[in-house]
Amino acid sequence: RDGSSKFAKENRWGMFPSASVAWNVTDEPFLRSAHKVINNFKIRASYGTTGNQSFSPYTYTTSISTATGLGYVFGSSTSVPGATQVSFANPNVKWETAKQFNLGTDMAFFSNKITFSAEYYNTNKSDMLFPIEIPGSSGGTTNYNSKRVVLNVGDMTNSGIELAAEYRTLIGNFSYGIKGTFSTNHNEITRINGQGGFIYTNDNGLIPESKATSQITVLAEGHEAGAFYLYQTNGIVDTHKKLADYQLIVPTARMGDLIYKDTNKDGKISNADLVYSGSGIPKYEVGCNLNFAYKGFDLNMNIYSALGHNIMNGSKAVSFQYGRNQDLVNSWTEANPNTTIPVYRGIQHSNYLAYTDLWLEDGSYIRLKQVSLGYSLPQQVVTALKLSQVRAYISGQNLFTLTKYSGYDPEIGGD
């Protein structure tokens, strides 16, 4: 049982039990005859709950300030100190709870030359804590703390499998080992409390200076946490027929403008046209470690791949929005009508705002993350030098990457 003064008295305490069990099958009589082949075989399971209280203290109560500038005139001319409420409160805020189930197995064969492990995990989070921004019409101010209130916004599930296998052996003076890993992850928001279908995440957007037109990640029912909600586009206005058709939706449209899709078919472009457009969470992650050694020489390699996710190319969005991208020399003009690049009409024009799918790219990649080649002096030489070890090596990181992503680095994304 845990308690926290961050919550009001009614919600201060929470119960978070957990339990685990394991069965070492290799200790059973029916498997003893196979010990030379199966060195280890264990099945394990666990179930537990944890509580989250990650938010500022005393959010359940409002704050009153008597700061300078809050005074008022009493009577004809006498100024007296004043006080005002400077934060919103949620007296009903309570613990966020995560319930996690794990089922796994560990195995080893042939004197531990081959090892294998597998694990299934399923986590259900309920009453997720999240800061919600209060609109100015409801009294929200420009002060960060004064325009947000922490709510228990909904529920989320996170499940997947993790596999790992390794083989290692020694042949004379030569030894090598190969280890591979594979994991899947399914993340889904299963409930959002009365927030119009989705909530923007607590960030400054793809382009911090243009938050209102570059917030793209949301919590939305049926999708991953941090899913992309974007305006879909359909090329540019490059014919007079397209212009006439698009002006029925956007009367101010001109030749060379970007075409936004009216996804809900209501005859206008609005927030209702934002649609789910993928997320930055990989569906699969694959890793491989290779180790080789011969006498004093050793070679180590690490390869990693993330697959099945998207990236919003933030650096590309910034360069186009501020008119700095080199491809703008090929944007639409009357003299260059056969292009797919919209005309540039300034920072605030809709042609290059950040919340469209213009910047959405496939984020999958495979990368040689690390390589090192070394040589260690023989032990007798090291001993004669009165040292414990001498090793010279050369190493490199991120030497090779295969990806369709056009940005600087698919591993960090949004660069």
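**Strand pairing and a nonpolar surface patch**

Strand E14 (residues 174-184) and strand E22 (residues 284-294) run antiparallel and are joined by 11 bridges. Strands here are DSSP runs of E with at least two residues, numbered from the N terminus, and two of them count as paired if DSSP finds at least two bridges between them. The model is a predicted one, so local features need pLDDT of at least 70 and side-chain atom pairs count only at pLDDT 80 or more, while totals for chains, interfaces and linings use all residues. Residues are numbered from 1 along each chain as its sequence is written, and side-chain values use heavy atoms, with hydrogens and water left out.

Across from asparagine 291 in E22 sits glycine 177. E22 also pairs with strand E23 (residues 297-307), again antiparallel, over 11 bridges. There, glutamate 285 has alanine 306 of E23 as its bridge partner. Two residues lie between the strands of this hairpin, and lysine 295 takes a positive phi near 50°.

Elsewhere, four strands make up an open antiparallel sheet, ordered E16-E17-E18-E21. Its edges are E16 (198-200) and E21 (275-276), each pairing on one side only. Three bridges hold E16 to E17 (residues 217-220) in the antiparallel sense, with isoleucine 199 opposite leucine 219.

Then there is the surface. A nonpolar patch there includes Trp23, Phe30, Tyr47 and Phe116, and its residues together have about 870 Å² of accessible area. Strands E4 (38-52), E9 (96-109), E10 (114-126) and E13 (154-171) each give two or more residues to the patch. Accessible areas come from the Shrake-Rupley method with a 1.4 Å probe, and for residues only the protein chains shown count as cover.

Methods
Patch = residues over 30% accessible without salt bridge, like charges linked within 9 Å, V, L, I, M, F, W, Y side chains within 5 Å. Salt bridge = Lys/Arg side-chain N within 4 Å of Asp/Glu carboxyl O.
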